[in-house]
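Hi,

Here is the structure I promised to pass on. Have a look at it first, and then read my notes below.

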Amino acid sequence: MPWLVGTALIHSLAVTEKRGVFKSWTVLLAIAAFSLSLLGTFLVRSGVLTSVHAFAADPQRGVFILMFLLAVVGGSLTLFALRAPVVKSQVGFALWSRETLLLANNLILIVAASMILLGTLYPLLLDAISGAKLSVGPPYFNALFLPLMALVMFTLAIGVLVRWKDTPVSWLFGMLTPVLIGSGVLGVLAAFLLGDFHWAVLATCMLSAWVVLAGVRDLFDKTRHKGLFAGMRSLTLSYWGMQLAHFGIAFCALGIVLSSQYNAERDLRLAPGESVELGGYRFVFEGAEHFQGPNFTSDRASVRVLDGDREIALLHPEKRLYSVQRSMMTEAGIDGGFTRDLYVALGEPLEDGAWAVRVHVKPYIRWIWLGGLLTALGGALAALDKRYRVKVRSRARESLVEGVPA
């Protein structure tokens, strides 16, 4: 939730910096982002939420965080209510403008964060009020969150191309037409080339191409006077940061959908010498042997992975017993790649040297991480833009002129 609201805050800050609008909205988003980060801390630290992300259960600490959260939210909203009229914006903008598209982006992200907040807190409130148990799981979030993110990607491409204040509709239509045609063609080709056809894959490929091609179209438009290479050198770091972040969103969306649609998984019994075919690969189980580690003992298996007759990996999944903590841990054997990850995990030992084995083939899972890295790199580039330090240098020069050390 803080990530979604923080993303909306970054875009709102861009509008406030460029045009001087959305001032009150920007302050409210800043309050919401920090408050939601405190709420997340409360949920995972207090023990009120049972989850793999909850790593502590300390009611006293939870009460302290809750009181701090109430003080921060109450105090911030009180100050906001008192000072909101002072920061009211007076600048106008047309319907087809970058301000409008960024406002739409903000609203979609806030709705997505609110949906997650409702799905997270409603079962807790219902349990506290009536004692009834309600589980909100993946179907709820998939049904609501995914369409909202698709809408974000759709508006993202248009927002990159529109101008500040006002945009002629005919000019915008001319800019978007080749992007729309290109994204349709590339999306259809990619959906059929990647594997079995799925409507979700087709839609995601088209939306990702829509985002990337819109960024490329905008790049060509901004460098049309100086030439591509000369114009690229004149573009600011914040612009390149925006482009990288948007490309990262496209890669992340592709990774999420492709890995979920083409994921292959099997749980089975394997004895030494037996094999299983999954996702175009053959996994040959060669048995397990006892292994002594520095602070643990383990049963370590060997699994050869073949692509046709060619061996591509030798995996060593383990079941480890840590003597100090007396805890059993499963260490999966992983072979990572740009277009697929292979996982093998050991279950329980069976008779005659056989083991319960779980095998995964997860395609394009690394694209999710690649998208996150591109987005982070985009944020770093934007933060390094020199215009964010111009005012600091100006204040330093003014202080020196007045005889005061900067």
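Let me start with K165, which sits in the loop between α5 (138-161) and α6; helices here are DSSP runs of H or I with at least four residues, strands are runs of E with at least two, and both are numbered from the N terminus. K165 has a positive phi of about 70° even though it is not a glycine.

Some ground rules before the rest. This is a predicted model, where local features need pLDDT of at least 70, side-chain atom pairs count only at pLDDT 80 or more, and totals for chains, interfaces and linings use all residues. Residues are numbered from 1 along each chain as its sequence is written, and side-chain values use heavy atoms, with hydrogens and water left out.

How confident is the predictor? On pLDDT, its confidence in each residue from 0 to 100, the protein chain has a mean of 82, and 90% of its residues reach 70 or more.

Now the rings. Rings of Phe, Tyr and Trp (its six-membered ring) pair if their centres lie within 6.5 Å; planes under 30 degrees apart are stacked, over 60 edge-to-face, and the rest tilted. That rule gives eight aromatic pairs. F192 and F197 have ring centres 5.2 Å apart and planes at 20°, so they are stacked. F197 also pairs with W199: the centres are 5.1 Å apart and the planes at 80°, so this pair is edge-to-face. For accessibility, buried means under 20% relative accessible area, exposed over 50%, and partly exposed in between (1.4 Å probe, protein chains only). F192 is exposed at 53%, F197 partly exposed at 32%, and W199 exposed at 66%.

Elsewhere, ring pairs link F251, F338, Y364 and W367 into a cluster. Y364 is in the loop between β10 (355-363) and α10 (365-383). Y364 is buried, at 14% relative accessibility, and has a positive phi of about 60° although it is not a glycine.

R163 lies over the face of W171, 4.0 Å from the ring centre, while the charged end of R300 is over the ring of F291, 5.4 Å from its centre.

On to salt bridges: a side-chain nitrogen of Lys or Arg within 4 Å of a carboxyl oxygen of Asp or Glu. The whole structure has 13 of them. One joins E351 and R269 (3.8 Å, N to O). E351 is in the loop between β9 (340-349) and β10 and R269 is in strand β1 (residues 264-270), so the pair ties together parts 82 residues apart in sequence. Another joins R304 and E286 (2.6 Å, N to O). That pair also links distant parts of the chain, with R304 in strand β4 (residues 296-307) and E286 in strand β3 (residues 281-292), 18 residues apart. R304 is partly exposed at 27%, and E286 is partly exposed at 40%. D221 and R224 meet in a salt bridge as well (3.0 Å, N to O), and D221 is buried, at 15% relative accessible area. Finally, E265, D267 and R358 are linked in a network of salt bridges.

Cheers

Conventions. Lys NZ or Arg CZ within 6 Å of the ring centre and 35° of its normal. pLDDT = per-residue confidence, 0-100.
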